[in-house]
Amino acid sequence: MNGALLIAVGGLTAVGLYLVTGRSLSRIVLGYSLLGHATVVALIAAGGPAGRPPIAGQAEPEAMANPLPQALTLTAIVISFGLTLFLLALARRQRTITGDDLVEDDLEDRRIAGPDSLPGEQEDQAAT
Amino acid sequence: MTELISIAIVAPLVAAACSLALRSRPFLRDLAVLAGLGSAALASHIMLVAVARDGTHTVAVGGWAPELGIVLVADLFAALILPVALTIIFVVEIFAIGQRRTVWAANPQLSGPLLCVLTSGVSLAFLTGDLFTLFVAFELILVSSYVLLTHQGNRDQVRSGMTYVVMNLLASTLFLLGVAFVYSATNTVNMALLAERIPQLDTGVRLGIGAWFLVVFGTKAAVFPLFSWLPDSYPTAPTTITAVFAGLLTKVGIYSMIRFHNLTAMDDLGPLMLMVAATTMVVGVLGALAQSDVKRILSFHVISQIGYMLMGLSLFTVAGVAGSILFLIHHMPVKAVLFLVGGLIENHEGSSSLDRSGGLAGRQPLVAVMFAVPALSLAGIPPFSGFVAKLAVISAAIDRGGTIVVVVAALVAGGLTLLSMSKIWNEVFWGRPTEGPRPSPAPARGQRTMHTATAIAVAGTLMVALFAGTLLDLSTEAAESLRNPATYIEAVRP
């Protein structure tokens, strides 16, 4: 197992998770892309050592890299690309409706929780 | 048999393409969607008969060996759940056609094709025999659900859609990382090979993989403490969409958990999962009691009921897993019907809020009956299907022993479910009719279609109760082959 790849997976995941937990959708989009990269690197690392391109006739089968994780990776890249675009579209829609791209609280939850239980609410509104 | 498996997955995709091409011709467009969903549902019913008679059937896509290519496996478990799921989607689409002329309808140009893509994903998720294709099936379901949830683009939908999308994207990322871990530990993603290789791994690695996928599937299934996205997002979508989501999506998560954790013999995780199940049941139903909107109450019940299915699974006995499977079969139609009735309430009362409706039983007795039957079933009152399913799960727990806390939690949650169902009944169907303007309900023809679709679905839930004996026998047989994966492995690698 390649140590540098593992450190890369760890680092990308940590930064990605930190960004995804934010309130602003543009940060979440960035975080999600980093998480996507982390999974791609993890899949490649799971495939074993690097080798020759896995194309029939170009190298001996023993010298080739494992082609299966590469196929999985391609699928994963396409999916995460499409979903990043969808997230961006959602962020844009949110911006046209509310003027910012922050993830809002559930209004019904707030209503049931009652006004007393939300100490942070005034500060939130003052900040926005 | 190979054809049946292909039809269940491909026919809805073809229908999606056709109905997109025909989007300016409403009649042909709806016909294409119904034909696609109907043929998939029909194929799944024939598949159940064939599998019950001849045993597991496998298709190696493209003729590749199971180590390299994709295999589709129609075993009894998949063949039992698939017809229920596909029939529900078909009936909901009929309801949607009736609902088209009301303000609560989804945009048919988009929702028809997307529902077809979602159906194809559901078929693929049930039939797939490898972990990575399961991921692709989840993505197929989720991507169409993201658009279905947000396509009307109003403020509420975008707000709740964001929580839903971000939460599920995170779960998908964890799923993919899990696939990488599994691959590096075992060199395969094929479920049959995993069933051979994972039990031989070190205890630490094995339990790590099990716990990781517990989190992944648990997020999809909305178990405690990973459920908060569900009651937030489901109520904002159009009724028909919510009915499909509530009936199917969380159940795909539970289905994957039942398959993965049994095939790979994760019995050591049982005690942890039992505690999660008990908390899910109680927290879900307490959440429901605090709500004052029909759709939100029902959304919290989705969570609470997931607890029962998890409870049966976490016993890791044949009887427990069989109980879970029977609960799945009971729960999917009941939950979908309740949301359809929620749509009817919206149609007649102008809102699904408890404060703004009342006295509906006098004006629409049929709607009242169609609510009462699945509501009593959900609470587990005999002779309805919920009673049989709960009895199977709880008696399996008592038989195994050492599960008194979970059994008590299940009984308490059952009682509280009845309480919150009677709350809906009191506020919406009894009580004083509310003053104020009501929006004009759907035209008579649309209303007839909606009522007929709901009535068919109610009849379906009664059929589950009627054939509970047969279904329990089949569930037990399916559970036996899950608990003892030798037959599954042999079917995939002859």
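Select Glu60(A) first: this residue sits in the loop between H2 and H3 of chain A. Helices (H or I, at least four residues) and strands (E, at least two) are DSSP runs, numbered from the N terminus. The model is predicted, so local features need pLDDT of at least 70 and side-chain atom pairs count only at pLDDT 80 or more, while totals for chains, interfaces and linings use all residues. Residues are numbered from 1 along each chain as its sequence is written, and chains are lettered from A and ligands numbered from 1 in the order in which they are written.

Is Glu60(A) buried or exposed? Glu60(A) has 8 C-beta neighbours inside 10 Å and therefore counts as exposed. A residue is buried if 20 or more other C-beta atoms lie within 10 Å of its own, exposed if 12 or fewer, and partly exposed in between, with C-beta atoms placed from the backbone.

Chain A has five helices and zero strands, and 29% of its 128 residues count as buried.

Next, select the side of chain A that touches chain B. Two residues are in contact if their C-beta atoms, placed from the backbone, lie within 7 Å. The contact takes 27 residues from chain A and 27 residues from chain B. Which helix gives the largest share of the chain A side? That is H3(A), with 12 residues. By class, the chain A side has 19 nonpolar, four polar and four charged residues. Here Ala, Val, Leu, Ile, Met, Phe, Trp, Tyr, Cys and Pro count as nonpolar, Asp, Glu, Lys and Arg as charged, and the others, Gly among them, as polar.

Move to helix H2 (residues 26–54) of chain B. Its 29 residues should span 42 Å at 1.5 Å a residue, and its end C-alpha atoms are 42 Å apart, which agrees. The expected span of a helix is 1.5 Å times one less than its number of residues. The buried residues of H2(B) include Arg29(B), Ala40(B) and Val51(B). What covers the buried residues of H2(B) includes strand S1 (57–60) and helix H4 (108–127) of chain B. Just after H2(B), Gly55(B) takes a positive phi of about 90 degrees.

Now pick Ser123(B), in helix H4 of chain B. Ser123(B) is buried, with 30 other C-beta atoms within 10 Å. Not counting residues up to four places away in sequence, Ser123(B) touches Ala8(B), Ile9(B), Ala40(B) and Leu82(B). Ser6(B) is 117 residues from Ser123(B) in sequence and 9.6 Å from it in space, C-alpha to C-alpha.

**Chain B: a helix pair, then H18**

Select helix H12 (residues 294–314) and helix H13 (residues 318–349) of chain B. Their axes come within 9 Å and cross at roughly 175 degrees. Axes are lines fitted to C-alpha atoms, for helices over the stretch in contact, and angles run from 0 to 180 degrees between N-to-C directions. H12(B) and H13(B) are therefore roughly antiparallel to each other; angles over 145 degrees count as such, under 35 as roughly parallel, 65 to 115 as roughly perpendicular and the rest as oblique.

Last, select helix H18 (residues 444–466) of chain B. Its 23 residues reach 32 Å from first C-alpha to last, close to the 33 Å expected at 1.5 Å a residue. Among its buried residues are Met450(B), Gly460(B) and Val464(B).
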